[in-house]
Amino acid sequence: MRHRLHGFFMKKLHVSGVSPEFYRDIELIVGLFSPKAKVVGEWEVADTLIHFEIGRGERIRAVVTLTDPNRDQAWHGTHERPAVDSASEKEGRKRIKHVANYALLQVLEEATGIRQPWGILTGVRPTKLLHRMRLDGFTPDAAAALLERDYRLMPFKIELLQEIVDRQTQVLPDLYELDREVSLYVGIPFCPTKCAYCTFPAYAIRGRNGSVEEFLAGLHEEMEAVGAWLKSRGLPVTTIYLGGGTPTSITVRQMDDLFVKMKTAIPGYEGVRELTVEAGRPDTLDGEKLDLLRRWKVDRISINPQSFEENTLKLIGRHHTVQETLEKYELARSMGLHNINMDLIIGLPGEGPDTFRQSLRMMEELKPESLTVHTLSFKRGSHMTRNPEKYKTADRDEITEMVNDARAWTHRMGYVPYYLYRQKNILGNQENVGYAFPGEESLYNIIIMEERQTIIGLGCGAVSKIIPPGTDRIHRFPNPKEPQAYIDICREHIREKLEALDRAYDVDAL
């Protein structure tokens, strides 16, 4: 009987036949099957041998041989595509890599018996690829055929992408022209506690009262400077998103002061299309804070259970109960907050399909306007990743079952998918999907995923993504992640950020 190669053995890869510039792509493709796979220099220490033969000419052809030296077995894969005469040297290399990746995926699927639903796509934003095809004039059928033939996507993932892209262009008809506006992300880096799976810049707020005040003073100063820059450029603000951490970790007075500063500093504040506050931790909410959000006309909040299992909440470090989530949700409803998002995470430790279906039954009673279904990702640096033996998660088939359950349940309940992103080391090589009742979609979530406009990040850990108008170039400008570092270099950092924005917007007279 022919042996199947398991991901456990694909940790140390020896690669031959291609230059080192291919190695990162190879690690990403093999990483779909074995997340910790790395290319090594000496074949003697490798547990997997990968050899490429690349043919160039009118057609580009890649032959891949995958060998398990411990069992003296080999698998072979071949793929070819026409070369493009007019392609630049960079585009030519990109096409060769594409062909090589396809052949490598093909042989890995044969060797492991695992079919990857997203084909050779390893990036965060597969919807961007489909948007680009639409802008290039592809019909939906032609785009679907290309995704299946050249990228090896499975049809049900293509269908999901098309549904999302259609929805996004309905919700934001001017999506492709938004580069003449900007959005703002405000990062508040404090939480009641740090969740086991989290790698966001989030610090336990207890005992940090002094640094919280200093941080907020710096944030106010940054907001004033960015607001003045926006006014000088005549740039409207599309959306504002307060995230973190958990913004509602700060006091009512501190939050009220922040809203006052936003209103006075941000030009055209009253015309902002959407204001969202991430109130994800129920243990940060009370009647006074919810009343403040209502009075400031916050359009959308998140109250995130992640799970409706008490034991799971304790294990992952969320110091609130299921009952507290339900009570705060009902309190928000009673106080007039009518666009509420909730998050669920597929694959939390100890949870399988039955547990997830129970969570969906709870959601059926609550009926939040939007529901984001995340698939657990083992993020580098998280407590969960550093201590994997403590956290047993569902297997690939169970993860797939839960993702399919979420898709079927949301369809039955009248939710539509409107944004999607993927992450490294995501369980089952699946995805995170935002669902909403039609008309309740988060504009910011669409904008951040499709990268059609500049998003200026303010506060701790916030990353500005600066996109010069009329281009698709992205310049990342991260703020310091640690509150004290942010406080120490706030003014210097503000100056450097405004200089970066000037450089981007001086290329085009607005």
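Q: Taking helices (H or I, at least four residues) and strands (E, at least two) as DSSP runs numbered from the N terminus, where is the place of K367?
A: In this predicted model, K367 lies in the loop between helix 11 and strand 13 (370-375).

Q: Turning to peptide bonds, which one is cis?
A: The bond from G244 to G245 is cis, and its omega is near 15°. G245 belongs to the loop between strand 9 (237-244) and helix 7 (252-265).

Q: Now the sheet: in what order do the 5 strands of the open sheet run?
A: The order is 2-1-3-4-5, and the pairing is mixed. Strand 2 (38-39) and strand 5 (73-82) are the edge strands, each pairing on one side only.

Q: Which helix packs on that sheet?
A: Helix 2 (residues 89-112) does, touching strand 3 (48-55), strand 4 and strand 5. The direction of helix 2 makes about 145° with that of strand 5.

Q: How many bridges join strand 4 to strand 5?
A: There are 10 bridges between strand 4 (residues 59-68) and strand 5, and the two run antiparallel. I60 has R81 of strand 5 as its bridge partner, and R61 stands opposite E80. The hairpin of these strands has 4 residues between them, and within it D72 takes a positive phi near 55°.

Q: Which side chains of strand 5 are buried?
A: Q73, W75, G77, H79 and R81 point to one face and are buried.

Q: What about helix 10, how far does it reach?
A: Helix 10 (residues 322-334) has 13 residues and spans 19 Å from first C-alpha to last, close to the expected 18 Å. Its buried residues are V322, T325, L326, K328, Y329, A332 and R333. These pack against helix 8 (287-295), strand 11 (300-302), helix 9 (310-315), strand 12 (340-346) and helix 11 (353-366). Just after helix 10, G336 has a positive phi of about 95°.

Q: At what angle do helix 11 and helix 13 pack?
A: The angle between helix 11 and helix 13 (residues 396-413) is about 20°, with the axes 10 Å apart. Angles under 35 degrees count as roughly parallel, and the two helices are therefore roughly parallel to each other. Their crossing is right-handed. Residues of helix 11 that meet helix 13 include F356, L360 and M363, and those they meet in helix 13 include M402, A406 and W409.

Q: Last one: which residues does L498 contact, beyond its neighbours within four places in sequence?
A: L498 is in contact with A225, V226 and W229. L498 and V226 are 272 residues apart along the chain, yet their C-alpha atoms are separated by 7.4 Å. L498 is found in helix 15 (residues 483-505) and is buried, with a relative accessible area of 18%.

How values were computed:
Residues numbered from 1 in each chain as written. Predicted model: local features only at pLDDT ≥ 70, side-chain atom pairs only at ≥ 80, totals over all residues. Heavy atoms only, no water. Pairing = 2+ DSSP bridges. Contact = heavy atoms within 4.5 Å. Axes fitted to C-alpha atoms, helices over the stretch in contact; angles between N-to-C directions. Expected span 1.5 Å × (residues − 1). Buried < 20%, exposed > 50% of the residue type's maximum accessible area, 1.4 Å probe, protein only. Parallel < 35°, antiparallel > 145°, perpendicular 65-115°, else oblique. Left-handed = near helix turned anticlockwise from the far one by under 90°.
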